[in-house]
Amino acid sequence: MNGWLAQHGRSFAAALARFSQAPLGSALNVLVIGVALSLPVGLYVVIDNLQASSPQLAAEPQVSAFMALDANRADVAQIEARLKQSPRVAHYRFVPRDQALQELKQSSGLADVVDSLPQNPLPDAFIVNAKDNSPQALEALREEIRQWPRIAHVQLDAAWARRLDAVLRLARLVVAILGVLLALALIAITFNTIRLQVLTRRDEIEVIKLIGATDAFMRRPFLYYGALQGAVGGAVAWLIVNGGIYLINSNLGELSHVYASLFELKYLAPADSLRMLIFPAVLGWFGAWLSVGLHLRLIEQDYDK
C-alpha cells in the first residue's frame, strides 16, 4: 500500500514539475480552460437567479374572480371561506363593486359617463395571488375557482409567466449545448497538450519501456497532469464567475431602487463550486487518457517495425 501511494505521489510531483517547466504555456492553457468553463457556468448562474427572482422582476400574476351581479353577502362570504381553505392560494384581496366603480371613475377619465350610469354595472371581485406562479399552477387555480358557485368569470393574465418559462427553458437548453461543446473543447485541449508532451519525451518513453515499465506506469504522470490542468482551469472559472457576480452586484443598486427591493445575484453554492473543480478534472483526466493511450500505441507500433 505504501509503495502504491509512493508511486502516485511521485507521479503527482512529476505533473507539478511539468507545470513549472513551462509556466507560460501551462498558464495559457489553464486560462483558456477557465474562460471556456466560465461561459456556461455564468449563464447557469444568471438563469438560476432570474428564475428565483422573477417575482421581483415583473408584476406578480393574479387571478381575478368576478362574482355574479346578483351575488349577496352570503355568497361573498362563501367564496372568501373557500379561498382561505385552498392550498393553492397565498393571499387575496376583496374588491367591492362600489370600490371598483370609484377606481374606474378615477382612472378612466370618464367621470361624467360613469356618473350618468343608471346603476353600477361592475360585480364584486376577488384578486387572488397564488403560492406557485408557474403557468401550470396558475391554470389549475383558475379552473378550481371557476367551478365555485356564484362565480361568473375568472380572468388570468399569465402570458408573461408563459413567456418567461419558455425563455428560461430555451436558455437552459442553450447552456446544456454550450456546456457539452466546451467540455469537448476541454478534452481536445488536454489531448493536444499531452500529445506534445508525449512526442517531446518519446526517446525517454522508449528507453523506459525497454527496461520493463508498464503502460500504466508511463501513463500515470500524464493523467495527473491532465486532471491537475482541468482542476486549476475550474478554479480559474470559479474566480471569473464569482468575480463577475461581485462586479454586477456592486452596480445593481439603481435597479434595486427602481423595483423597491433588494435584488442581487447569488454566488455559487458550495456544491456547485466543488463540481466546478471535479468536473473539469475528470474531463482533463479523460483527455489525457485518450491522448497518452493513443500515442503509446503508435510508439509501440513504430518500435516493432
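Among contacts in the chain (heavy atoms within 4.5 Å) between residues at least 6 apart in sequence, 81% join residues at least 24 apart. The structure is a predicted model, in which local features need pLDDT of at least 70 and side-chain atom pairs count only at pLDDT 80 or more, while totals for chains, interfaces and linings use all residues. Residues are numbered from 1 along each chain as its sequence is written, and side-chain values use heavy atoms, with hydrogens and water left out.

The secondary structure of the chain comes to 11 helices and 4 strands; helices (H or I, at least four residues) and strands (E, at least two) are DSSP runs, numbered from the N terminus. Of the 305 residues, 37% count as buried, where buried means under 20% relative accessible area, exposed over 50% and partly exposed in between, for a 1.4 Å probe and protein chains only.

**Nonpolar cores**

In soluble globular proteins, nonpolar side chains tend to be buried together. A nonpolar core is here a set of buried Ala, Val, Leu, Ile, Met, Phe, Trp, Tyr and Cys residues joined through side-chain atoms within 4.5 Å. The largest one has 18 residues, of which Leu83, Phe126, Val128, Ile145 and Ile151 touch the most other members. The elements that give two or more residues to this core are strand 1 (62-67), helix 3 (73-85), strand 3 (125-130), helix 6 (135-146) and strand 4 (151-156). If neighbours within four places in sequence are left aside, Ile145 is in contact with Val63, Ala65, Leu83, Val128, Ile151 and Val154. A second, separate core of 14 residues includes Leu37, Leu265, Leu268 and Met276.

Ser86 lies in the loop between helix 3 and strand 2 (89-95), and it counts as buried because its relative accessibility is 6%. Apart from its neighbours within four places in sequence, Ser86 is in contact with Leu141 and Glu144.

**Aromatic pairs**

A pair of aromatic rings is described by the distance of the centres and the angle of the planes. Rings of Phe, Tyr and Trp (its six-membered ring) pair if their centres lie within 6.5 Å, and planes under 30 degrees apart count as stacked, over 60 as edge-to-face and the rest as tilted.

| Pair | Distance of centres | Angle of planes | Kind |
|---|---|---|---|
| Tyr92 and Phe126 | 6.0 Å | 65° | edge-to-face |
| Phe286 and Trp289 | 6.2 Å | 20° | stacked |

Tyr92 lies in strand 2 and Phe126 in strand 3, so their pair ties together parts that are 34 residues apart in sequence. Tyr92 is partly exposed, with a relative accessible area of 23%, whereas Phe126 is buried, with a value of 0%. Ring pairs link Tyr92, Phe94 and Phe126 into a cluster. Phe286 and Trp289 both lie in helix 11, 3 residues apart, which is about one turn of the helix. Phe286, at 34% relative accessibility, counts as partly exposed, and Trp289 is partly exposed at 38%.

**The largest pocket**

On a 1 Å grid over the protein atoms alone, a pocket is an open set of points where a 1.4 Å probe fits, with protein on both sides within 12 Å along at least five of seven lines, and lining residues have an atom within 4 Å of a point. The largest pocket is lined by 20 residues, of which Pro40, Val41, Tyr44, Val175 and Phe279 lie nearest its centre. Helix 2 (23-57), helix 7 (159-200) and helix 11 (270-304) are the elements that give two or more residues to this lining.
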